[in-house]
Amino acid sequence: MKKFNPMKSLCLSAAAALMLCTALSAQAERTLKVSLQVNTKHPVGANVVFFKDQVEKISGGEIKVEIYDSAQLYKGSEIPQAVAAGAIDMGLVLVDEYAGTLPATGLFSVAFLFPNYDVLAKAAAPESPVRQEIDEMIRATGTRVLWWQDYGPVQLLSKEHAVSSPADMKGKKVRVLGKPSGDFIEAVGGIPVKIGGSEQFIAYQRGTVDIGMTGTTAIQSRKLFEVMNYVTITNHAQTEFLIVMNDKLWDSLSDQEKDWVSKAALSAEQKIRADTKKNNLDSEKFIADKTSMKVVHLDDAQVKAWQAAAAPAVDAYIKEAGDVGKRLVDEVKKFY
């Protein structure tokens with residue numbers, strides 16, 4: 001009969017306790033996987049990295065975030081379905097991607113509806129009735145909006161000559177972000193062609209479209225100045241990206257995990273909105289000073305001509321979105 005060894009028993013008990021603690025810790029730790037169609041140096045990609053750092057810090061490592069960038073998993077147009085189906089936990093998506101099935105969500109791309117950053121910030125703020133109604137519409141698809149990313153105003157790009165008036169658009173194929181921007185292009189006589197953000201460079205290089213449409217910072221980060229020669233600062237629409245999470249996954253989070261994620265998301269949203277104006281002006285300066293692309297600014301008379309030509313796009317949005325669209329437009333105008 002073996003002699004009882006109290007020290008050996010104690011060591012075994014301690015080892016067992018350590019293994020149990022390790023197992024419980026592994027079970028407690030949650031990893032959230034995020035799909036991006038941009039790289040992590042792009043402003044919205046960098047903002048997701050900021051979220052990752054924040055949530056891992058405030059949770060003490062209880063929540064980890066894995067980022068799959070540069071469309072290595074999904075294109076932007078595939079994110080809504082991928083997240084809703086639970087194929088990926090979280091994803092970056094342009095709000096316009098929902099406009100095909102939820103027309104009212106295309107509000108922020110309605111041409112010349114947002115005259116400046118202040119109006120945009122008020123309409124997209126978490127407490128705004130505009131934002132809250134759009135968030136609830138998207139939640140009905142099985143995806144929950146965690147935070148909005150203000151990417152700034154949209155400009156027009158061209159290769160052969162600068163676009164300065166609506167007449168320059170007639171008969172031209174133009175890259176659009178979704179239906180609202182497509183309505184704008186149709187209103188000014190152009191032909192809308194929907195092309196994803198990550199596909200722009202090749203589309204411009206191959207001449208798939210005659211005129212481009214994108215945010216100022218994208219011209220720098222995606223090196224679009226290598227394939228287009230002019231950018232006209234129209235500021236005709238605002239680009240809003242969303243970070244969405246599978247709604248069932250959100251429901252499965254503990255109250256503590258929801259609090260950590262919500263705090264980190266709010267910090268990320270506040271940071272990117274505060275940085276957006278400076279980022280866009282810095283990119284405009286970079287394009288003008290460091291590239292061969294020519295930056296063209298419109299005078300007041302030219303802007304008014306564009307606004308008049310684009311007016312049917314607002315009517316098209318309201319017709320498509322119905323009563324909710326009319327209500328959202330009226331809410332935005334209260335911020336003027």
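I looked up β4 (residues 143–158) and found 9 bridges joining it to strand β9 (residues 238–246), the two running antiparallel. Strands here are DSSP runs of E, at least two residues, and helices are runs of H or I, at least four, numbered from the N terminus. Two strands count as paired if DSSP finds at least two bridges between them. In β9, I243 is the bridge partner of W147.

The model is predicted, so I noted its terms: local features need pLDDT of at least 70, side-chain atom pairs count only at pLDDT 80 or more, and totals for chains, interfaces and linings use all residues. Residues are numbered from 1 along each chain as its sequence is written, and side-chain values use heavy atoms, with hydrogens and water left out.

I then followed β4 to its other partners. Strand β7 (residues 211–215) is joined to β4 by 5 bridges, antiparallel, with V154 opposite G215. Strand β8 (residues 230–233) pairs with β4 over 3 bridges, also in the antiparallel sense, and L157 stands opposite V231 there.

Is β4 buried or exposed? I found that 16 of its 16 residues are buried, so β4 is largely enclosed by the rest of the structure. Buried means under 20% relative accessible area, exposed over 50%, partly exposed in between (1.4 Å probe, protein chains only).

Last, I checked β5 (residues 173–176) and β6 (residues 191–194), which pair in the parallel sense over 4 bridges. K173 stands opposite I191 in β6.
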